[in-house]
Amino acid sequence: MAAPGENMRVNADRLWDSLMDMAKIGPGIAGGNNRQTLTDSDAEGRRLFQKWCDDAGLTMGVDTMGNMFMTRAGEDPEALPVYVGSHLDTQPTGGKYDGVLGVLSGLEVIRSLNDLGIRTRHPIVVTNWTNEEGARFAPAMLASGVFAGVHSQDYAYGRKDPEGKTFGEELKRIGWIGNEEVGARRMHAYFEYHIEQGPILEAEKKDIGVVTHCQGLWWLEFTLTGREAHTGSTPMNLRVNAGLAMARILEMVQAVAMENQPGAVGGVGQVFFSPNSRNVLPGKVVFTVDIRSPDQKKLDGMRARIEAEAPKICEALGVGCSVEAVGHFDPVTFDPTLVATVRKAAEDLGYSHMNIISGAGHDACWAAKVAPATMIMCPCVNGLSHNEAEDISKEWAAAGADVLLHAVIETAGIAE
Ligand code: HGY
Ligand code: MN
Ligand code: MN
């Protein structure tokens with residue numbers, strides 16, 4: 001007789017339908033999503049998730065950062081819960097699966113346990129972390145960072161979006177400031193299931209990524225000061241050209257990342273020109289350099305090089321230069337016991353798998369500071385993410401959710 005849950009699988013159609021229903025909220029313009037944190041569409045997505053969790057018999061707790069914790073009671077109320085989570089917020093031109101797959105697969109685990117009448121010893125908590133993306137309010141993983149004690153809540157509440165609105169005001173406006181003290185919760189273990197957001201699993205034809213590590217990150221926000229002037233009547237030798245300085249810094253960042261191959265990346269995704277008028281040389285240019293590496297020495301060495309070279313580039317052009325680190329986490333090693341649990345679940349289920357280092361940052365990186373944590377990954381088409389064309393198959397989605405189900409049961413224990 002098979003042990004309870006031995007060959008158990010999630011309901012792939014139900015998971016897929018939930019993903020498609022959530023994707024209808026905060027649609028993008030090209031088939032993806034624009035459900036940015038603390039917008040009305042984020043609030044609408046939260047309410048739908050809350051309803052689904054209520055239907056599944058879960059009780060909701062919300063902390064003062066708006067993190068949502070949906071609990072399924074265990075047989076042992078004293079046992080620390082097993083958390084499964086990710087994020088429902090998206091990039092402005094995000095996909096339907098980044099973050100959402102992990103939250104809704106956590107819910108699917110609950111739904112499957114309910115279907116099978118399986119009670120676990122430890123409680124299980126499905127989590128939606130606020131502002132994982134850091135697109136609207138830097139840094140990324142803000143609310144899980146406050147939960148893990150990395151950031152103060154005051155710092156987080158004061159973060160501003162490009163329109164000058166603060167995180168605290170917006171969280172209050174959408175009505176999702178909870179009454180739980182952020183970070184008071186203790187976890188027995190934390191699992192995060194996420195699309196790879198890179199090309200490796202698809203290229204290697206593997207169903208499951210057994211995530212052993214996550215690369216570290218620096219976000220360096222540069223503010224360059226030039227002189228506003230007419231782009232037509234100002235002679236080249238009289239220009240104080242902050243835009244040119246930015247371009248040269250981007251070239252330098254590219255060179256520094258290429259000198260640190262393999263295993264380093266560097267680039268810029270966001271630039272603000274002021275006054276941003278086509279025939280005015282910019283008086284101010286603000287942009288964020290994003291550098292990452294799984295190797296601590298390389299990561300910090302790249303930061304040092306960039307912060308040493310940028311002022312020289314600016315000085316040669318008479319441009320002012322200041323820099324502020326607005327995001328950072330060191331390379332993360334996930335919990336070996338949980339990593340082995342994920343690998344065994346993939347093997348028991350007959351899924352192909354390989355070890356992988358996460359290229360993207362995740363809330364699991366901060367959860368790992370306060371509890372044993374690890375991740376599960378599925379492939380994504382052409383490795384594309386942070387793009388509305390982000391795509392996965394229903395089979396890929398379900399395979400990772402099956403592994404999550406088995407890993408959670410193994411860790412939460414089946415009640416006698
Ligand atoms: O930036 C990241 O790696 C994540 O998508 N927030
Ligand atoms: Mn994500
Ligand atoms: Mn993302």
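This is a predicted model: local features need pLDDT of at least 70, side-chain atom pairs count only at pLDDT 80 or more; totals for chains, interfaces and linings use all residues.

Residues are numbered from 1 along each chain as its sequence is written, chains are lettered from A and ligands numbered from 1 in the order in which they are written, and side-chain values use heavy atoms, with hydrogens and water left out.

- Because D98 lies in the loop between β3 (82–86) and α3 (100–116) and H386 in the loop between β15 (373–378) and α12 (394–412), the pair ties together parts that are 288 residues apart in sequence; helices (H or I, at least four residues) and strands (E, at least two) are DSSP runs, numbered from the N terminus.
- The UniProt record, in an unreviewed entry, places the feature "binding site" at D98, E133 and H386; such annotations may be inferred rather than shown by experiment, and their positions are given in the numbering used here, with feature names shortened.
- These residues are spread over 289 residues of sequence, yet they cluster in space, with a largest C-alpha distance of 9.8 Å.

- D98 counts as buried at 5% relative accessibility, whereas H386 is partly exposed, with a relative accessible area of 41% (buried means under 20% relative accessible area, exposed over 50%, and partly exposed in between, with a 1.4 Å probe and protein chains only).
- E133, in the loop between β4 (124–128) and α4 (142–147), also counts as buried, at 5% relative accessibility.
- Leaving aside neighbours within four places in sequence, E133 is in contact (heavy atoms within 4.5 Å) with residues including H87, W219 and H386.
- With residues up to four places away in sequence not counted, H386 touches Q91, T93, D98, E133 and Q197.

**Helix α10**

- Helix α10 (residues 336–349) has 14 residues and reaches 20 Å from its first C-alpha to its last, close to the 20 Å expected at 1.5 Å a residue, the expected span being 1.5 Å times one less than the number of residues.
- Its buried residues are L338, V339, T341, V342, A345, A346 and L349.
- They cover an arc of only 160 degrees around the axis, which puts them on the same side of α10, the arc being that of the directions from the helix axis to the C-beta atoms.
- What covers the buried residues of α10 includes β5 (189–195), β6 (208–214), β14 (353–358), β15 and α12.
- On the face turned away from the buried side, α10 carries the exposed residues P336 and T337.
- After α10 comes G350, whose phi is positive, near 80 degrees.
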